[in-house]
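Work through the exercises below with the model open. Try each task before reading its solution.

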Amino acid sequence: MRRNIRSLALAALALAALAGWASAQEAGKIGMINSQEILDKSIEGRKSLAQVQAADKKYADDIARMDDQIKQLQNRLTTQRLTLTADAAVALQTDIQKKQTERQRAVEDATRGMQEIQGRTLEKIQNDLIPLIEQVRKDRGLDLIFDMIKGGVIYFNPAIDVTAEIIKRYDALAAAPAKK
């Protein structure tokens, strides 16, 4: 008896799961991509990441060189403070401040430069990938394609967009007399 109830419960669960799966299939087919994995594992993605990393290293090396120059000037000021004339000490301090200002500007320029390089690189990759994603979508008959990393929709079939229906119902709700 218990075995029959358990079997019936399992059968009901299987039917419910099958019904849910069938209704999901009717609603549309969904695909997923992992954009980070595409960058990390594709030849073009790795090449693009290497270019971005090379630019980042160049900027970091330039800033490190400026840091070394500032440090040398500060050490010189510290070690020679007693032997420098007042004018020479002021001139050295002015040089340090100029180098620090140059460094700050270099950091700002590097940040802008890296943002520009990353933007151009990602735009190129995106322009390359969109037609490929569209072809896979057509080949597999997908209605939605999500990016697991960005959390957004890359493609959707306009036939599954229910926005207009929601607007219509929302407007109808607002137009309906208020319940007391």
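**Exercise 1. The largest pocket**

How many nonpolar, polar and charged residues does the lining of the largest pocket have?

Solution. This is a predicted model. Start with the space: the largest pocket holds about 310 Å³. Next, find its centre. Among the 15 lining residues, Ser35, Gln126, Leu129, Asp147 and Lys150 lie closest to that centre. Then trace the elements. Helices α2 (35-41) and α4 each give two or more residues to this lining. The largest share comes from α4, with six residues. Finally, sort by class: ten are nonpolar, three are polar and two are charged.

**Exercise 2. The second largest pocket**

Find which element gives the most to the lining of the second largest pocket.

Solution. Take the volume to begin with: about 180 Å³ lies in the second largest pocket. Now list the lining. It includes Gly31, Met32, Ile33 and Asn34, and also Leu129, Leu132, Ile133 and Val136. Ile38, Arg140, Leu142 and Ile145 line this pocket too. Assign elements next. Both β1 (30-33) and α4 supply at least two lining residues. The most comes from α4, which gives five. Close with the classes: nine nonpolar residues, two polar and one charged.

**Exercise 3. Confidence along the chain**

Identify where confidence is lowest and where it is highest in the protein chain.

Solution. Begin with the whole chain. Its mean pLDDT is 80, and 78% of the residues reach 70 or more. Then compare elements. Helix α1 (residues 2-27) has the lowest confidence, at a mean of 42. Helix α3 has the highest, at 95. Last, look at residues 1-25, where the pLDDT is below 50. Beyond near neighbours in sequence, this stretch has zero contacts in the model.

Key
Residues numbered from 1 in each chain as written. Predicted model: local features only at pLDDT ≥ 70, side-chain atom pairs only at ≥ 80, totals over all residues. Heavy atoms only, no water. 1 Å grid on protein atoms, 1.4 Å probe; cavity = no way out; pocket = protein on both sides within 12 Å on 5 of 7 lines; lining within 4 Å. Points joined across faces, edges and corners; volume = space filled by probe spheres on them. Helix = DSSP H or I, 4+ residues; strand = E, 2+ residues; numbered from the N terminus. Nonpolar A, V, L, I, M, F, W, Y, C, P; charged D, E, K, R; others polar. pLDDT = per-residue confidence, 0-100. Contact = heavy atoms within 4.5 Å.
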